[in-house]
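Thank you all for coming. I would like to walk through a few local features of one model, and I will start with a strand before turning to aromatic rings and a helix.

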Amino acid sequence: MTLAQAERLTARRQQELEAVARAVQAEMLFWLARLDPADILGSWFDQVLPGLYLALSRGQARAAAGASGYVAEAATLMGLDAATAWEVAPSAFAGVAADGRPLSSLLTTPALRGWHAVEQRGQSADWAVGQIRQSVLLMGSTEVADASRGASQTAMAGTRHITGYIRCINAGACKRCAVLAGRWYRWNADFLRHPRCHCYGIPAGDEHRSRGRGSWRTNPHAYFNSLSRHDQDRLFGRGGAEAIRAGADIPSVVNARRTARQLRRVDMGGGTIVTATSEGTTRRGYFAHVRRHLEQIEGRKLSRLRLTPEAIFKLAADRQELIRLLGRHGYLVRPVAEIARL
């Protein structure tokens, strides 16, 4: 039971997610071919958007469905007790964007920008269609990865002996991700990522806090040394790469602290900003089902506001509160009577 085995498992998990993302993008291309340059918005809403929504939401569900198995197997390889009474609900991570917006709203943004570029700025329709296609395909890759990461973090939160996770990078990781390789985060820490990010979290305990023992996937210096001189210069800049080869500290060269701050959400008013979603809040949604039964058990009306997993991770003061909120907001599947006792 070693970190190296967990790294190899995570690499296989990343390959599986990339395959799911490629399948989603292939299906997206099928629907994007129906986008009419002469009628961007009309063809978008009539023919393109419904197909894109189904393709991406199914891909999100597939990605989230494998999260529980990955977390359990990785935790075992790390020497942790993976027993848990909770089961992640994959459907809770489908149909909604990572930032809490409805998926249809996220997907429509590139079309609106493309239409505006044509109508207001005089850009060619063919150019706009190309930009729309590029943006939508990027969304497909990013949202599949985010759905899997969100489900995995939820599974980790529901497993008592997992107290954190180790960031594991993938081949071709950028310098921003490279400096975070092998870093230990608490179980409720937000996963910093950028578009096209393929990093993942390995379940870990307190005993796994020390860094520098893993392969290039969890060791920034090992990753740097695994690159050719050309790739070192390309990723870190010629001057930065020279400094690192001379013995400089990689985080100092890359200025990871500044990058991390750019990737975090901004506090606009001095308080914590959280996101909520309308997904699953309709009468047939799982969240609505949980809320109705909780209202019957507790004899009071409950809010219809459904927090995103990301918001819950921010708000929860401790693990018990996290489990309670994840259960009450429909992200962990348990009998409602048990959720009410939390």
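By buried I mean under 20% relative accessible area, with exposed over 50% and partly exposed in between, using a 1.4 Å probe and protein chains only. Helices (H or I, at least four residues) and strands (E, at least two) are DSSP runs, numbered from the N terminus.

Please keep in mind that this is a predicted model, in which local features need pLDDT of at least 70, side-chain atom pairs count only at pLDDT 80 or more, and totals for chains, interfaces and linings use all residues. Residues are numbered from 1 along each chain as its sequence is written, and side-chain values use heavy atoms, with hydrogens and water left out.

With 5 of its 5 residues buried, β4 is therefore largely enclosed by the rest of the structure. Its antiparallel partner is β2, residues 164-168, and the two are joined over 5 bridges, where strands are said to pair if DSSP finds at least two bridges between them. Within that pairing, Cys168 has Tyr200 of β4 as its bridge partner. In the loop between β3 (184-186) and β4 (200-204) we find Arg196, which has a positive phi of about 70° although it is not a glycine.

Turning to the aromatic rings, the structure holds 7 aromatic pairs; rings of Phe, Tyr and Trp (its six-membered ring) pair if their centres lie within 6.5 Å, and planes under 30 degrees apart count as stacked, over 60 as edge-to-face and the rest as tilted. The rings of Tyr165 and Phe191 have centres 5.7 Å apart and planes at 15°, so this pair is stacked. It links distant parts of the chain, with Tyr165 in strand β2 and Phe191 in the loop between β3 and β4, 26 residues apart.

Finally, helix α14, residues 319-328, is mostly covered, with 7 of its 10 residues buried, among them Arg319 and Leu322. At the start of α14, a side-chain oxygen of Asp318 reaches to within 3.3 Å of the backbone nitrogen of Gln320. After the helix comes Gly330, whose phi is positive, near 80°.

Methods
Polar contact = N/O pair within 3.5 Å; in protein donor to acceptor, adjacent residues only side chain to side chain.
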